[in-house]
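Hi,

Here is the structure I promised to pass on. Have a look at it first, and my notes on what turned up follow below.

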Amino acid sequence: MAVTIKRTGMLLIISGPSGTGKGTLVKKLVDSDPSFRFSCSVTTRKPRTGEMDGVHYHFVSEEEYARLLADGEFLENATVHGHNYGTLRQPVEQLMESGYNVLLDIDPQGAISVMDNAADYVSVFILPPSYAELRVRLHTRNTDDPVEIERRLNNARGEVNRIDRYQYAIINDNLELAFSQLQAIVTAEKYRTKRYKPTISET
Ligand code: ADP
Ligand code: 5GP
């Protein structure tokens, strides 16, 4: 028996407080599942050591960001921890039209805006095991100065309050367990009939 399968791309929104492990989980998913592509956001934040333009973010000036915003180039955008971030509409639409699943690593303001406007999406909120562990992770990551870390920790509680808007939640305590939970969500969502259209042949 031959079965033809047509798949429709999934828009997977990952969000949660800074330092919970979103980037780590997103990288693991992109590295292990070729059907996923990461949506590289635009930001006015300065690059951290090791971050590459066009890979981690498109790093732009305030002027360039304002131009993109005025031209309607963003699917969503938000000011997060004092910096501007936005998802470019065109690459996301192009990837989804090509049949890829697209991953957005975006803050709750942006996530809720996508959820309010997109016809179809999967949303996952990543939680830390505790606020104390979140603090440890932000310090251990060693990418932000103490003032920036405090700002991110102060914002975390407000962000966690938005959890009810999401379809799924994962506590990222043990990384491998959290990743297997994310994979389980992705697998189930891939087989929803709105995305999975098998055609059974006559023979
Ligand atoms: P986010 O993208 O949410 O800001 P990161 O993916 O950068 O967070 O993770 C923050 C830090 O925590 C990184 O140093 C990362 O290696 C570490 N980390 C991620 N997941 C875990 C985990 N389950 N246990 C311990 N450390 C983790
Ligand atoms: P960071 O500065 O640590 O890379 O990211 C800070 C926060 O901005 C994280 O919560 C991240 O998910 C969010 N973020 C990154 N890109 C975007 C984006 O394009 N839009 C929105 N709304 N948030 C983003």
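Let's start with H81, which is buried, at a relative accessible area of 8% (buried means under 20% relative accessible area, exposed over 50%, partly exposed in between, with a 1.4 Å probe and protein chains only). Before I go on, some housekeeping: this is a predicted model, where local features need pLDDT of at least 70, side-chain atom pairs count only at pLDDT 80 or more, and totals for chains, interfaces and linings use all residues. Residues are numbered from 1 along each chain as its sequence is written, chains are lettered from A and ligands numbered from 1 in the order in which they are written, and side-chain values use heavy atoms, with hydrogens and water left out.

Back to H81. You'll find H81 in the loop between β6 (74-80) and β7 (83-88); helices (H or I, at least four residues) and strands (E, at least two) are DSSP runs, numbered from the N terminus. Although H81 is not a glycine, its phi is positive, at about 50 degrees.

N142 is another non-glycine residue with a positive phi, near 60 degrees. N142 sits in the loop between α5 (131-141) and α6 (146-160), and at 65% relative accessibility N142 is exposed.

Next, R48. This residue belongs to the loop between β4 (41-43) and β5 (57-59), and R48 is buried, with a relative accessible area of 16%. Leaving out residues up to four places away in sequence, R48 touches R141, T143, D144 and R152 (contact means heavy atoms within 4.5 Å). With D144 there is also a polar contact between the two side chains, at 3.5 Å. A polar contact is a pair of N or O atoms within 3.5 Å; within protein, one must be able to donate a hydrogen and the other to accept it, and residues adjacent in sequence count only if both atoms are side-chain atoms.

Now the ligands. Which residues come closest to ligand 1? Ligand 1 has 13 residues around it, and the closest are G19, G23, T24, R141 and D173 (near means that a heavy atom of the residue lies within 4 Å). α1 (22-32) and α5 each supply at least two residues of this shell, and α1 gives the most, with three residues. As for atom pairs, an oxygen atom of ligand 1 is 2.8 Å from an N or O atom in the side chain of K22, and a backbone N or O atom of G21 is 3.0 Å from an oxygen atom of ligand 1. A nitrogen atom of ligand 1 lies 3.2 Å from an N or O atom in the side chain of R137. Taken alone, ligand 1 exposes 570 Å², and the protein buries 74% of that (accessible areas come from the Shrake-Rupley method with a 1.4 Å probe; for residues, only the protein chains shown count as cover).

Ligand 2 has 18 residues around it, with S41, R45, Y57, Y85 and R152 coming nearest. β6 and β7 each supply at least two residues of the shell around ligand 2. A polar side-chain atom of S41 is 2.6 Å from an oxygen atom of ligand 2, and a polar side-chain atom of R45 is also 2.6 Å from an oxygen atom of ligand 2. I106 brings in a backbone N or O atom, 3.5 Å from an oxygen atom of ligand 2. On its own ligand 2 has 510 Å² of accessible area, and the protein covers 96% of it.

Cheers
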